[in-house]
Protein chains: 2
Amino acid sequence: MTLIKTVKQIREEIKKRVNEKEISIGFVPTMGYLHEGHLSLIERARKENDLVVVSVFVNPAQFAPNEDFDSYPRNIERDYRLAIDFGADIVFAPDVDEMYGENSLTFVNVEGELTRKLCGKSRPTFFRGVTTVLAKLFNIINPTNAYFGQKDAQQVAVVRKMVEDLHYDINIISCPLVREHDGLALSSRNVYLNDEERNQALILSKSLFAAKEMFLNGEKNVHKLKQFIVDNIKSQNLADIDYVEIVDANTLEDVEIIEKTVLIAVAVNFGKTRLIDNIYLEVDNVIEYA
Amino acid sequence: MTLIKTVKQIREEIKKRVNEKEISIGFVPTMGYLHEGHLSLIERARKENDLVVVSVFVNPAQFAPNEDFDSYPRNIERDYRLAIDFGADIVFAPDVDEMYGENSLTFVNVEGELTRKLCGKSRPTFFRGVTTVLAKLFNIINPTNAYFGQKDAQQVAVVRKMVEDLHYDINIISCPLVREHDGLALSSRNVYLNDEERNQALILSKSLFAAKEMFLNGEKNVHKLKQFIVDNIKSQNLADIDYVEIVDANTLEDVEIIEKTVLIAVAVNFGKTRLIDNIYLEVDNVIEYA
């Protein structure tokens, strides 16, 4: 049980533990300020691996200059304690210099629609930042299994594509979105919300659940479902919609009539806080969506 | 001693051999049509590693549409035999589909001057292709040491930067350029040259050697040395200069007066064949240039 801050040290620590046995390494990459969503990933990693590594790193490359890199909530002591309590063996918390050096010029990018739509539209360099830092972390940790929350459904799809294309020998495992009791999707950014914003933000999960209900009652028309959600969200005066999209759960391609499992994904600003949420509408058995 | 064509198979083969011992893996990535330059890399890898893997893969991503991907010389049977004779344990020769799948969208790119100057100027997507395929190969092979020829000095610098930035745990080892007895730098592309072109191409090494002589006799002025080389090359009527550059051996940054070790690098077209050559002018001890 160790908090490690340098690449050299974590390599040595992992080598020492991997030693001469074949052991599986479960990896949970996070930006810290851990909530129950993260903790569910750590618990799952603990069940499925010999060694569990959690990284805590607020990654500058995935923030645009106008975004909240500086104010993103941080508390490494609390994160360390939580991660260990929930089953981590090692917490890797490098500083920015350790990961990016003085002049890091190498970027990993998944091109095409997958990174251009949904969150990619309003955050055009976001996924490039995510895939770049994950390439670094994967090369440092050499995980067997890496765990991601389905809350970031597009991120999971992008990471799967990167891992497939670059032939990383890593299983990408996506785990269910975790919500507060009133339905708000857990996010480290929820601490930004004032009471009124938080209250109005409940419209996201409410409208997604209601849309699912409509779908289960037979509505297959994507346009109608989207319009329903948009109208619902707009009933809240603080909600500023970035997108409401319904896409193929595997490819994230647009659909018009729901014939395969789809993802409904929304991004909405409340004041200065951008929230995302999503839900799957399942058709048949799709094993590994997002 | 095995020729392997799939990612799955080579992973299994390497795992089987690495087994439970800690062994070093030497990796020599090539585009095949092996010449003595490649073979010197394989010999060196053999001396320094427990397991030697040679890849033979003509990488489409590093050819522009107008370049010679289709006509690039190939002879996998000969390459396999040579690689094994010179010490390879495994030859990995995947086809394009195996490496890129149906729709590979992930690219690794080193940004900035390093990939924009010299060969990057006339081949703007070349290094992106090189770093992308190397990321794939590194993730498949997991080498301890990877061997590159100093003939491709800029490539070595770019790969070093990628490995550093992405935290690959791989030593990049660059080995001396190998020449024919008459001075022509070995290249798989030399087979394209007709007799007259080949004869005139000797001007490259001749002018580089002559410039080195001038340097050893006290000439430190980069402009004068460049002009001397340009004039020499232009004496050959089939020579069409792409660039003649003198740059810092470590950073590839431009210099005006030679105070640290520099690289003289040239690229010249003879007919349809683009040749490169280079030489170092050494000042003090620079341990790990290019």
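Q: Before we start, what should I know about the numbering and the model?
A: Residues are numbered from 1 along each chain as its sequence is written, and chains are lettered from A and ligands numbered from 1 in the order in which they are written. As this is a predicted model, local features need pLDDT of at least 70 and side-chain atom pairs count only at pLDDT 80 or more, while totals for chains, interfaces and linings use all residues; side-chain values use heavy atoms, with hydrogens and water left out.

Q: Thanks! How many residues of chain B are in contact with chain A?
A: There are 28 from chain B, in contact with 28 residues of chain A, where contact means heavy atoms within 4.5 Å.

Q: And how much area do the two chains bury between them?
A: About 2,600 Å², with 45% of it on carbon and sulfur atoms. Buried area here is the accessible area (1.4 Å probe) that two parts lose on being put together, summed over both.

Q: Which residues in chain B lose the most area to chain A?
A: Thr106(B), Leu166(B) and His167(B), which together make up 25% of what that side buries.

Q: Switching to charges, how many salt bridges cross the interface?
A: The rule finds two between chain B and chain A, taking a salt bridge as a side-chain nitrogen of Lys or Arg within 4 Å of a carboxyl oxygen of Asp or Glu. One of them pairs Arg128(A) with Glu111(B), the closest N and O atoms being 2.6 Å apart.

Q: What about salt bridges over all chains?
A: The structure holds 31. Among them is Lys8(A) with Glu12(A), at 3.3 Å from N to O. Both residues lie in helix α1 (residues 7-18) of chain A, four residues apart, about one turn of the helix. Helices (H or I, at least four residues) and strands (E, at least two) are DSSP runs, numbered from the N terminus.

Q: Nice. Which residues does UniProt list for "binding site"?
A: The unreviewed entry lists Gln62(A) and Gln155(A). Although spread over 94 residues of sequence, they cluster in space, with a largest C-alpha distance of 11.5 Å. UniProt positions follow the numbering used here, feature names are shortened, and annotations may be inferred rather than shown by experiment.
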